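My plan is to look things up and jot them down as I go.

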Amino acid sequence: QVQLVESGGGLVQAGGSLRLSCAASGRTFSSYVMGWFRQAPGKEREFVAAISKSGGMAYSAESVKGRFTISRDNAKNTVYLQMNSLKPEDTAVYYCGAYTNLLWATGRLRSSNEYDYWGQGTQVTVSS
């Protein structure tokens, strides 16, 4: 089991940047593929990005490609989401999750049902 705590959210103007962090407890962090999702009011939770256990592979949603970068530091039990060129439509609560499927499969990575552990979320608000 792993416990996750997100931080780094806030209010930023369009075009600005934020870096989200997700700190994990436990000694098994490096055994999980990690992902970031977001949920805007009245909308379903949406996949943002995922990163492999070693950090050697990453997969991002088309809507954030070229703007957001996922990374991880297994020595610090932390996964990051660097968000640049933010847009008002990026406004949402951002969650990190631990992916518990054994397959690195993009269809499964995009599904929140494949993540068993979640943090409490951090609010990101982008003003126009």
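How exposed is Arg 108: buried, partly exposed or exposed? I looked it up, and Arg 108 is partly exposed, at a relative accessible area of 36%. My scale: buried is under 20% relative accessible area, exposed is over 50%, and partly exposed is in between, with a 1.4 Å probe and protein chains only.

Ground rules for myself. This is a predicted model, where local features need pLDDT of at least 70 and side-chain atom pairs count only at pLDDT 80 or more, while totals for chains, interfaces and linings use all residues. Residues are numbered from 1 along each chain as its sequence is written, and side-chain values use heavy atoms, leaving out hydrogens and water.

**Overall build**

I found 1 helix and 11 strands in the protein chain. These are DSSP runs numbered from the N terminus: H or I of at least four residues for helices, E of at least two for strands. Along the sequence I read β-β-β-β-β-β-β-β-β-α-β-β. The radius of gyration is 13 Å, close to the 14 Å that the globule rule gives for 128 residues, so the chain is as compact as a globular protein of that length. I noted that this radius is taken over C-alpha atoms, and that the rule is 2.2 Å times the number of residues to the power 0.38. Buried residues make up 45% of the 128.

**Salt bridges**

I searched the whole structure and got 5 salt bridges. One counts when a side-chain nitrogen of Lys or Arg is within 4 Å of a carboxyl oxygen of Asp or Glu.

Back to Arg 108: its side chain meets that of Glu 114 in a salt bridge, 3.4 Å from N to O.

Next I checked Arg 38, which pairs with Asp 90, the closest N and O atoms being 2.9 Å apart. Arg 38 sits in strand 4 (residues 33-39) and Asp 90 in the loop between strand 8 and strand 9 (92-99), 52 residues apart. Both residues are buried. They also belong to a salt-bridge network with Glu 46 and Arg 67.

Glu 62 and Lys 65 form another bridge, 2.9 Å from N to O. Here Glu 62 is exposed at 63%, and Lys 65 is partly exposed at 46%.

**A loop residue**

Where is Asn 77? I found Asn 77 in the loop between strand 7 (68-73) and strand 8 (78-83). Asn 77 counts as buried because its relative accessible area is 19%. Leaving out residues up to four places away in sequence, Asn 77 touches Cys 22, Ala 23, Ala 24, Gly 26 and Phe 29; contact means heavy atoms within 4.5 Å.
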